[in-house]
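Welcome! Here is a short tour of a structure that may be new to you. Please have a look before reading on.

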Amino acid sequence: MKRIVILGSTGSIGVQTLDVVRRFPDRLQVVGLAARRQDLLSKQAREFGVPYVAIGEGANVQDGFPSNTSVFNEAGSLERLATLPDADMVVVATVGRAGLLATLAALKAGKRVGLANKEVLVMAGSLVTSMAREYGGELVPIDSEHSALWQCLVGEDLSAIHELILTASGGALRDRPLDELSTVTPEEALRHPTWRMGPKVTIDSATLMNKGLEVIEAHWLFNCPYERIRVVLHPTSVVHSLVQFTDGSVKAQLGRTDMRLPIQYALSHPERWEHQELQVDIMKLGALEFAEPEWARYPCLELAIEAGKRGGTYPAALCGADEVAVELFISGRIPLTGIPELVGEVLQAHENLSTPDLDDILAADSAARERCLTLARSRGWN
Ligand SMILES: NC(=O)c1ccc[n+]([C@@H]2O[C@H](COP(=O)([O-])OP(=O)(O)OC[C@H]3O[C@@H](n4cnc5c(N)ncnc54)[C@H](OP(=O)(O)O)[C@@H]3O)[C@@H](O)[C@H]2O)c1
């Protein structure tokens with residue numbers, strides 16, 4: 001029986017993680033849940049008989065939690081859940097910077113961390129990976145592309161990687177004329193062609209910021225130089241990613257566009273557990289098409305890769321600015337094209353620290369958020 005904590009249990013990844021738990025009740029047990037929407041959280045706590053939940057700092061505890069569930073609402077509650085002695089594994093399914101401190105705490109406590117919250121690794125890849133190494137924690141990917149790379153790399157020597165190839169569907173706007181991108185509504189951008197996901201990652205997919213973040217994530221997870229990580233467009237999202245090896249052999253991982261597969265793999269590894277619903281009929285796959293991304297359509301992709309290559313606090317500034325810009329777009333206050341515009345300006349003004357500690361990273365993130373808001377206001381985007 002694996003005992004797991006899920007941070008962000010009410011979101012898209014969190015709900016699907018609980019779906020996997022529901023399928024394997026004799027192998028998985030939930031010992032902690034964290035989120036802010038208490039109606040759904042208390043329902044989840046009741047269904048899974050969860051002993052510990054965290055509801056967000058300072059929030060009033062609403063009715064509905066089982067009497068034997070301890071509810072945390074003080075500062076540091078996510079870290080407290082992430083280090084529960086009862087937990088074998090922590091699934092970090094929060095979004096943006098929310099999961100950073102808890103991920104570090106879990107790794108410091110020697111836990112296995114299933115990471116969906118990619119911004120954590122983007123902001124603080126050096127700290128997170130060295131924390132895992134130093135304290136014997138383990139970091140396993142949940143993002144489908146990185147799960148695919150991980151599955152292709154089982155039994156392989158990382159030094160034999162010629163290229164990691166991340167596939168991208170191109171998002172909701174891949175076929176929109178470029179001169180119409182400034183008038184795209186949040187509803188249109190939120191209609192992803194192949195995946196159903198939370199709002200931030202869906203908008204990041206429309207701008208391909210998401211793929212840029214994934215390049216940085218792959219760099220840290222597989223210790224691979226940026227020059228050996230490539231992004232290709234693959235509209236149907238059947239191939240989740242590929243690895244080309246130094247001898248010219250290419251391995252790919254294919255599967256349904258269903259996050260329950262990478263979530264389940266992270267939970268079951270090194271085993272594979274049967275899941276009939278996720279079987280693929282390869283006769284129905286059709287042609288597998290790949291293309292170069294159209295860089296002019298996706299300025300966020302280049303911004304992110306460049307921030308990753310520059311390193312230091314650039315990626316934290318990128319994440320902070322992007323999180324704010326995406327919120328402004330979703331709330332109808334800036335156009336979609338305002339996202340790369342604001343993020344680009346924030347990065348241009350950013351004063352980099354090349355070997356940052358945690359405080360430097362948090363400060364860079366906060367300063368970027370502030371600057372992004374100020375820039376938006378200065379353009380009359382209120
Ligand atoms: N969704 C996907 O298919 C997918 C695929 C690959 C990677 N990812 C990555 O996985 C992460 C999660 O994505 P998602 O789509 O699941 O996001 P989501 O649907 O927006 O869910 C985010 C979850 O985090 C919780 N949360 C946010 N801030 C929190 C805080 N301060 N304290 C406690 N809980 C907090 C939310 O709680 P409330 O809603 O209750 O406020 C919610 O449960 C993202 O980094 C994304 O890039 C997602």
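Glu-119 brings a polar side-chain atom to 2.8 Å from a ligand oxygen, and a polar backbone atom of Gly-8 is 3.2 Å from an oxygen atom of the ligand. On its own the ligand exposes 890 Å², and the protein buries 88% of that (areas by the Shrake-Rupley method with a 1.4 Å probe).

A word on the model: it is predicted, with local features needing pLDDT of at least 70 and side-chain atom pairs counting only at pLDDT 80 or more, while totals for chains, interfaces and linings use all residues. Residues are numbered from 1 along each chain as its sequence is written, and side-chain values use heavy atoms, leaving out hydrogens and water.

## The shell around the ligand

In all, 25 residues surround the ligand, each with a heavy atom within 4 Å of it. The closest are Thr-10, Arg-37, Glu-119, Asp-143 and Gly-198. The shell divides into 11 nonpolar, eight polar and six charged residues. Here Ala, Val, Leu, Ile, Met, Phe, Trp, Tyr, Cys and Pro count as nonpolar, Asp, Glu, Lys and Arg as charged, and the others, Gly among them, as polar.

## Phe-290

Let's turn to another residue. Phe-290 counts as partly exposed because its relative accessibility is 39%, and partly exposed is what falls between buried (under 20%) and exposed (over 50%), with a 1.4 Å probe and protein chains only.

Conventions. A polar contact is a pair of N or O atoms within 3.5 Å; within protein, one must be able to donate a hydrogen and the other to accept it, and residues adjacent in sequence count only if both atoms are side-chain atoms.
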